[in-house]
Amino acid sequence: MHRHRELCERAVDPLEIAAGLEAHGVTDRTAARFRHRDVFSLAEEMYARVSRDVEMPPLTTPVALPGPRLDRAVLTLAPGVLCAAALTGVRLTEGRTRLLVAACALLAITLALRAVMRRGPLAPRAGVHRGPHRTGAWTCWLLGYAALGDSLLRAAVAGGPDGLPDGTTDGPWPVAAAPLLTLALACAPAAWSAHLFAVRAGRRIATSRGLDEFASSARPLLLGVLALFLCATAALAPLCAAALGEPVGYGNVLTLGALLFLARLLTVHGFTQVPAVVLAAAGTAEVLAPATVFAGRLPGCGFLAVPVETLVTARGPGGVPSLVCGAAALALLFHATRTLTRASAHARTDPPG
């Protein structure tokens, strides 16, 4: 009680103390040392025994979450709109003009995505430390592979590539623009799903009577918002593919979308280390896929290309990113069901560590 006195004095209910204790590593086993059955029972006694200033505002207000705002809702649409405009401009121009349009569009889309990640539901929550782990570089690589990786791998297996990408879909190294447009437009449903998760989780903290009760109710909520985001992405994928005249790659788009959405959802709540590691592992695996094919051309090294060539023969070049991103997304989903279902993830004032 002396160690957590400030938390107890400013708490508005026992669950807030329990969430704070959980965030500091107090478990049911620790509570048993103080002759309590669980952390919530210990928090109830601490709440009852410590005097508090009723005029003092609470450390955390998980229920008082901001509602949807029109400006932020419009902001989430900006990456998709700019991406559509950029693809239109690239297809209507050629030569140096195309390069200039592509460079300006890339800068505009990057700034729009940066704004979306700094404001609104996809921004780290107030009071949550951003942490030293960054995922921007690997995210860009994963998106770049979604646009160019399949065609590179197909050409590598066939003995190429015979040229550099020229921004078209019929060149020696075709660019797949539909996945990029789909994921850019999916920023909006990702933000709305993250907002829904934060609001509903905050309400359930206020109505739950214990940490286990909150966890059991937050787990289906997490799976529900993920399913909602994937349904929205699956609806956007065929529309974007039809508009651009490209085949629909559900596996690539949905697995990459799930991976990026879960990584951002964890980052929003302050859990940055595992998403950074998982994204780096997925990006590294995608780097190694074409690298092993090229290395297999060296004398005596043909065995290096066998796994990737077998997968490409069986599932096509899209099987590699689907397998890699799908496995990475499952790893993040497992981690999220253990971390984002804790009350301390939604009522934290200190970094999670």
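**Close-up views of the helical chain**

**View 1. Helix α8.** In α8, the residues Ala-178, Pro-179, Leu-181, Thr-182, Leu-183 and Ala-184 are buried. Buried means under 20% relative accessible area, exposed means over 50%, and partly exposed covers what is in between, with a 1.4 Å probe and protein chains only. The helix runs over residues 178-185 and is mostly covered, with 6 of its 8 residues buried. Helices here are DSSP runs of H or I with at least four residues, strands are runs of E with at least two, and both are numbered from the N terminus. The model is predicted: local features need pLDDT of at least 70, side-chain atom pairs count only at pLDDT 80 or more, and totals for chains, interfaces and linings use all residues. Residues are numbered from 1 along each chain as its sequence is written, and side-chain values use heavy atoms, with hydrogens and water left out.

**View 2. The whole chain.** How many helices and strands does the protein chain have? The protein chain has 14 helices and 0 strands. Of its 353 residues, 47% are buried. The chain exposes about 18,000 Å², and 64% of this comes from carbon and sulfur atoms. Accessible areas come from the Shrake-Rupley method with a 1.4 Å probe; for residues, only the protein chains shown count as cover. Contact means heavy atoms within 4.5 Å. Among contacts between residues at least 6 apart in sequence, 76% join residues at least 24 apart.

View 3. A cavity is a set of points, on a 1 Å grid over the protein atoms alone, where a 1.4 Å probe fits but cannot get out; its lining residues have an atom within 4 Å of a point. Grid points are joined across faces, edges and corners, and a volume is the space filled by probe spheres set on the points. By this rule there are 2 cavities of 30 Å³ or more, and the largest cavity holds about 70 Å³ of space. Which residues line the largest cavity? The lining consists of Leu-142, Tyr-145, Ala-146, Pro-179, Leu-183, Asn-252, Val-253, Thr-255, Leu-256, Glu-286, Pro-321 and Cys-325. The elements that give two or more residues to this lining are α7 (136-157), α8, α11 (250-268) and α14 (319-339). Helix α11 provides the largest share, 4 residues. The lining divides into 9 nonpolar, 2 polar and 1 charged residues. Here Ala, Val, Leu, Ile, Met, Phe, Trp, Tyr, Cys and Pro count as nonpolar, Asp, Glu, Lys and Arg as charged, and the others, Gly among them, as polar. Pro-179 and Leu-183, which are part of this lining, are among the buried residues of α8.

**View 4. The salt bridge.** A salt bridge is a side-chain nitrogen of Lys or Arg within 4 Å of a carboxyl oxygen of Asp or Glu. The structure holds 1 salt bridge. Glu-246 forms it with Arg-91, and the closest N and O atoms are 3.3 Å apart. The pair links distant parts of the chain, 155 residues apart: Glu-246 is in the loop between α10 (211-244) and α11, and Arg-91 is in helix α5 (residues 70-92). Glu-246 is buried, at 12% relative accessible area, whereas Arg-91 is partly exposed, at 40%.

**View 5. Ser-193 in helix α9.** Ser-193 belongs to helix α9, residues 187-207. Is Ser-193 buried or exposed? Ser-193 is buried, because its relative accessible area is 1%. Leaving out residues up to four places away in sequence, Ser-193 touches Val-225, Leu-228, Phe-229 and Phe-261.

View 6. Thr-110 is in helix α6 and counts as partly exposed, at 44% relative accessibility. Its C-alpha atom is 10.0 Å from that of Cys-140, which is 30 residues apart from Thr-110 in sequence. Arg-119 is in the loop between α6 (95-118) and α7. Arg-119 touches Arg-72 and Leu-75, not counting residues up to four places away in sequence. Arg-119 and Thr-76 are 9.5 Å apart, C-alpha to C-alpha, and 43 residues apart in sequence.

**View 7. Two further loops.** Pro-174 is in the loop between α7 and α8 and is partly exposed, at 24% relative accessibility. The C-alpha atoms of Pro-174 and Ala-147 are separated by 8.6 Å, with the two residues 27 apart along the chain. Gly-316 lies in the loop between α13 (306-315) and α14 and counts as buried, at 18% relative accessibility. Gly-316 and Leu-153 are 163 residues apart in sequence and 9.4 Å apart in space, C-alpha to C-alpha.

Key: On a 1 Å grid over the protein atoms alone, a cavity is a set of points where a 1.4 Å probe fits but cannot get out, and a pocket is an open set with protein on both sides within 12 Å along at least five of seven lines; lining residues have an atom within 4 Å of a point.
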